[in-house]
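Thank you for making time this morning. I would like to walk through one structure slowly, strand by strand, so please keep the sequence and the picture in view while I talk.

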Amino acid sequence: MKNNASKLAAIAAAGMLAGVAQAANPLLPKLYTADPAALVDNGMVYLYVGHDSAEPAGKDYVMKEWRLYSSCDMKNWTDRGSPIQPSAFKWAIGKVDAWAADITKRDGKYYFYATVDHASIPGRAIGVAVSDKPEGPFVDARGSALVSNDMTLEAPIAWDDIDPGVFTDDNGQAYLYWGNTVLKYAKLKANMTEFDGPIVTVGMDRFTEAPYLHKHNGTYYLSYSRDFPEETAYMTGPSPTGPWHYRGVIMAKNAKVKTIHQAIIDFNGKSYIFYHNAKLPGGGEFRRSVAVEEFAYNADGTIPFIKQTREGPAANPGPACK
Ligand code: FUB
């Protein structure tokens, strides 16, 4: 106990010297941030966010880059700069459209799936970038969109191909989930840059966006934003493709912003949900702030309703803090 306390004091002191944020919620007090994506790798948590940079009276998203933070204890977050900007995708418009992204690791490489605006096929699209390190830099892995608006015809809107949620199962098979209004998924080939089979539509009520697949104790959890303004809901299933059983709402709607966008991880024996609200001073619809809460699964594997807190999680120093 004493050892842990002195380790934490040392981490905090080192953090102050290195400009590390000692975070309560919102987690990243210097920037407006949104759409968290999280990766646990080699004892570290890597948190990728979109950088909201709209003016106070802005009427739309202005997102020029994704940014990366890392932590070995869920409390002290190191700013790792911007690992990728939309301009990495030459086929995209690439100016202010660093919308939601997600990341996975396969065979020693890191794959970053990101929503951008397509330059020649009207509408949002999903690209994939790759790096040898979680901190990037990431480069376009295909040179073209993995998903463009002309590939999916169920929703008559230009923004239905957004919010990639990538999941790699223990056997190495990866899946990409995405969508707005209509939830879609496809299997990924081992190269992670092409689909292995058709795009499948998952028929469900009140799906808005932000599908996120994770696995805990052998159960697959598909969480997502429901309704608009959004709340976070989830389903469980026996496989990455269902069949899905609706389980309920785990986080309530935000007060000052209609979106909420979650990511869920296990780290160092505990479970966490990242999300965004608009609680930084000056925050709002297009000036959001990422936050995180610790939670514990119920004995039957369900996720409890999780309240947003000001304090955030207690420090949980993992082996990489040593
Ligand atoms: O950040 C732009 C969009 O807002 C995301 O793609 C959605 O999930 C919502 O958070």
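This is a predicted model: local features need pLDDT of at least 70, side-chain atom pairs count only at pLDDT 80 or more; totals for chains, interfaces and linings use all residues.

Strand β6, residues 101-106, pairs with strand β7, residues 109-117, in the antiparallel sense over six bridges, where strands are DSSP runs of E at least two residues long, helices are runs of H or I of at least four, and both are numbered from the N terminus. When I say that two strands pair, I mean that DSSP finds at least two bridges between them. Residues are numbered from 1 along each chain as its sequence is written.

On to the next partner: β7 is joined by eight bridges to strand β8, residues 124-131, and the two run antiparallel. Tyr-113 stands opposite Val-128 in β8, and in the hairpin of β7 and β8, which has six residues between the strands, Gly-123 takes a positive phi near 120 degrees.

Let me turn to the open sheets. One of them is built from four strands in the order β10-β11-β12-β13, with antiparallel pairing. Its edge strands are β10 (165-168) and β13 (200-202), each of which pairs on one side only, and the twist averages 25 degrees from one strand to the next, with axes taken as lines fitted to C-alpha atoms (for helices over the stretch in contact) and angles running from 0 to 180 degrees between N-to-C directions. Inside this sheet, β11 (residues 174-178) and β12 (residues 183-188) pair over five bridges in the antiparallel sense, and Tyr-177 has Tyr-185 in β12 as its bridge partner.

Another four-strand open sheet has the order β14-β15-β16-β17, and here too the pairing is antiparallel. β14 and β17 (245-251) are the edge strands, each pairing on one side only. Strand β16, residues 231-237, pairs with β17 over five antiparallel bridges, and the bridge partner of Tyr-234 in β17 is Gly-248.

Arg-247 also lies in β17, and it counts as partly exposed because 16 other C-beta atoms lie within 10 Å. Although Arg-247 and Tyr-234 are 13 residues apart in sequence, their C-alpha atoms are 5.7 Å apart in space. Leaving aside residues up to four places away in sequence, Arg-247 touches Tyr-234, Met-235, Thr-236 and Thr-302, where contact means C-beta atoms, placed from the backbone, within 7 Å of each other.

In the loop between β16 and β17 we find Thr-241, which is partly exposed because it has 16 C-beta neighbours inside 10 Å. The C-alpha atoms of Thr-241 and Pro-281, which are 40 residues apart along the chain, are separated by 40 Å.

Now to the ligand, which is surrounded by 13 residues, the closest being Trp-99, Ala-100, Ala-210, Thr-259 and His-261.

Finally, let me step back to the whole protein, which has one helix and 20 strands. Of its 322 residues, 43% count as buried, and the C-alpha trace spans about 60 × 45 × 40 Å along its principal axes. Among contacts between residues at least 6 apart in sequence, 52% join residues at least 24 apart.

Terms used:
A residue is near a molecule or strand if its C-beta atom, placed from the backbone, lies within 6 Å of it. A residue is buried if 20 or more other C-beta atoms lie within 10 Å of its own, exposed if 12 or fewer, and partly exposed in between; C-beta atoms are placed from the backbone. Two residues are in contact if their C-beta atoms, placed from the backbone, lie within 7 Å.
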